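Subject: Structure for you to look at

Dear colleague,

Please find below the structure I promised to pass on. My notes on it follow.

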Amino acid sequence: MKLSCLKGENNMDMIAEILQTDKAVAGKLEKADMESGELLERTVKEVQELKENALKEAEAYKTQKAKEVTERINTESEKITSAQNEKTTVLDKIFEEKHTQWENEIFDNIISPK
């Protein structure tokens, strides 16, 4: 309230000043409410964007880890296959070298058991 109101201006002037102050306060409250709503909307939008980005990052991480695991499985599978092939080759070689001897020993055991 202005000092002039206190110096004895009539009641109508005081009421007008009070109403004017009330309107100013109501305007500021309305503006603050509007700004609050806008802030809330921006915050909701930012939260949604953060969620979407987090989901994208999680999916990218999951995809990368799946790729790494698949590559590791393939590498280990190749190692196992290679080791099996080496052992099979050794066994084939031994069989080629010894099969005639083994067949003769089996035949001899059938013909004249010990």
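**The surface around Ile110**

At 62% relative accessibility, Ile110 counts as exposed, where exposed means over 50% relative accessible area, buried under 20% and partly exposed in between, with a 1.4 Å probe and protein chains only. This is a predicted model, in which local features need pLDDT of at least 70 and side-chain atom pairs count only at pLDDT 80 or more, while totals for chains, interfaces and linings use all residues. Residues are numbered from 1 along each chain as its sequence is written, and side-chain values use heavy atoms, with hydrogens and water left out.

Ile110 sits in helix α2, which covers residues 11–111; helices here are DSSP runs of H or I with at least four residues, strands are runs of E with at least two, and both are numbered from the N terminus. Together with Val90, Leu91, Ile94, Phe95, Trp102, Ile106, Phe107 and Ile111, Ile110 forms a nonpolar surface patch that has about 920 Å² of accessible area. A patch takes in residues with over 30% relative accessible area and no salt bridge, nonpolar side chains (Val, Leu, Ile, Met, Phe, Trp, Tyr) being joined within 5 Å and like charges within 9 Å.

**The chain as a whole**

The chain contains two helices and zero strands, and its C-alpha atoms fill a box of roughly 145 × 25 × 15 Å along the principal axes. Its radius of gyration is 46 Å, whereas a compact globule of 114 residues would have one near 13 Å; the radius is taken over C-alpha atoms, and the globule rule is 2.2 Å times the number of residues to the power 0.38.

Two C-alpha distances give a sense of this layout along the chain. Val25 is partly exposed because its relative accessible area is 41%, and Glu49 is partly exposed at 39%.

Buried residues make up 2% of the 114 residues in the chain. The accessible surface, calculated by the Shrake-Rupley method with a 1.4 Å probe, comes to about 10,700 Å², and 59% of this belongs to carbon and sulfur atoms.

**Charges and salt bridges**

There are 18 positive and 25 negative side chains, and the centres of the two sets lie 4 Å apart; Lys and Arg count as positive, Asp and Glu as negative, and His and the chain ends are not counted.

How many salt bridges does the structure hold? It holds two, a salt bridge being a side-chain nitrogen of Lys or Arg within 4 Å of a carboxyl oxygen of Asp or Glu. One joins the side chains of Glu68 and Lys65 at 3.1 Å, N to O; these residues are about one helical turn apart, because three residues separate their positions in helix α2. Glu68 is partly exposed at 34% relative accessibility, and Lys65 is partly exposed at 34%. Glu76 forms a salt bridge with Lys79, with 3.5 Å between the closest N and O atoms, and Glu76 and Lys79 are three residues apart in helix α2, so about one helical turn separates them.

Best wishes

How values were computed. Charge placed at Lys NZ, Arg CZ, Asp CG, Glu CD.
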